[in-house]
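Here are my notes on this one, point by point. Have the model open while you read.

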Amino acid sequence: QVQLVESGGGSVQAGDSLRLSCRAHGITMARYSVAWFHQAPGKERIFVSGIMWNGTTTYSDSVKGRFAISRDNARNWLYLQMSSLKPEDMGVYYCAAKDVLSRSSDYDYWGQGTQVTVSS
């Protein structure tokens, strides 16, 4: 059974940092491109950052320069280091995984999410 389990969310002040983690169970993460998505209250879930199987990273414009994604394939972990947090970064963060052989743009597996609250 495949499971992605996020952790590391919490309540912080604007300008603070947080590191989110995602542990993959039941898959070999090295065979997947993985990503973080953000769902703000009352809004749709949107892409934040992704890291491909070969280490290539992408970021949304809103987090570029503030967030850093990384992965540990040997231990099946995905991370998101978030710095200079803003109130608009608040919401639920999800990790997701997509098989590198998949031709679909959809992700195969999703975590349950971890809540980030940023107060000004």
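**Notes on the fold**

1. Start with the disulfide: Cys22 is joined to Cys95, S to S 2.0 Å. The term covers a pair of cysteine sulfur atoms within 2.5 Å, and by this rule the count comes to one disulfide. The link between Cys22 and Cys95 is right-handed, with 50° about the S-S bond. Cys22 sits in strand 3 (residues 18-25) and Cys95 in strand 9 (residues 91-99), so the bond ties together parts that are 73 residues apart in sequence. Strands (E, at least two residues) are DSSP runs, numbered from the N terminus. Cys22 is buried at 1% relative accessibility, and Cys95 is buried at 0%. Buried here means under 20% relative accessible area, exposed means over 50%, and partly exposed is in between (1.4 Å probe, protein chains only).

2. A word on the ground rules: this is a predicted model, where local features need pLDDT of at least 70 and side-chain atom pairs count only at pLDDT 80 or more, while totals for chains, interfaces and linings use all residues. Residues are numbered from 1 along each chain as its sequence is written, and side-chain values use heavy atoms, with hydrogens and water left out.

3. Which residues touch the most other members of the largest nonpolar core? They are Trp36, Phe67, Leu78, Leu80, Met82 and Tyr93, out of 25 residues in that core. At least two core residues come from each of strand 3, strand 4 (32-39), strand 5 (45-51), strand 7 (67-72), strand 8 (77-82), strand 9 and strand 11 (114-119). Strand 3 gives the largest share, four residues. A nonpolar core is a set of buried Ala, Val, Leu, Ile, Met, Phe, Trp, Tyr and Cys residues joined through side-chain atoms within 4.5 Å.

4. Strand 8 is worth a look for its pairing (DSSP must find at least two bridges between two strands). Strand 8 pairs with strand 3 in the antiparallel sense over six bridges, and Ser21 has Tyr79 as its bridge partner there. Strand 7 also pairs with strand 8 in the antiparallel sense, over six bridges, with Asp72 opposite Trp77. Strands 7 and 8 make a hairpin with four residues between them, and Asn76 in the turn has a positive phi of about 65°.

5. Is Arg66 buried or exposed? Arg66 is buried, with a relative accessible area of 12%, in the loop between strand 6 (57-59) and strand 7. Its side chain reaches the backbone oxygen of Ser62 at 2.9 Å, and a polar atom of that side chain lies 2.9 Å from the backbone oxygen of Ser84. Leaving out residues up to four places away in sequence, Arg66 touches Gln81, Met82, Ser83, Ser84, Leu85, Lys86 and Asp89 (contact means heavy atoms within 4.5 Å).

6. Last, the aromatics: Phe37, Phe47, Tyr107 and Trp110 form one cluster. Rings of Phe, Tyr and Trp (its six-membered ring) pair if their centres lie within 6.5 Å; planes under 30 degrees apart count as stacked, over 60 as edge-to-face and the rest as tilted. There are six aromatic pairs by this rule. Phe37 and Phe47 are edge-to-face, 5.7 Å centre to centre and 85° between the planes. Phe37 is buried at 11% relative accessibility, whereas Phe47 is partly exposed at 30%. Phe37 and Trp110 make a tilted pair, 4.7 Å centre to centre with 55° between the planes.

How values were computed: Polar contact = N/O pair within 3.5 Å; in protein donor to acceptor, adjacent residues only side chain to side chain.
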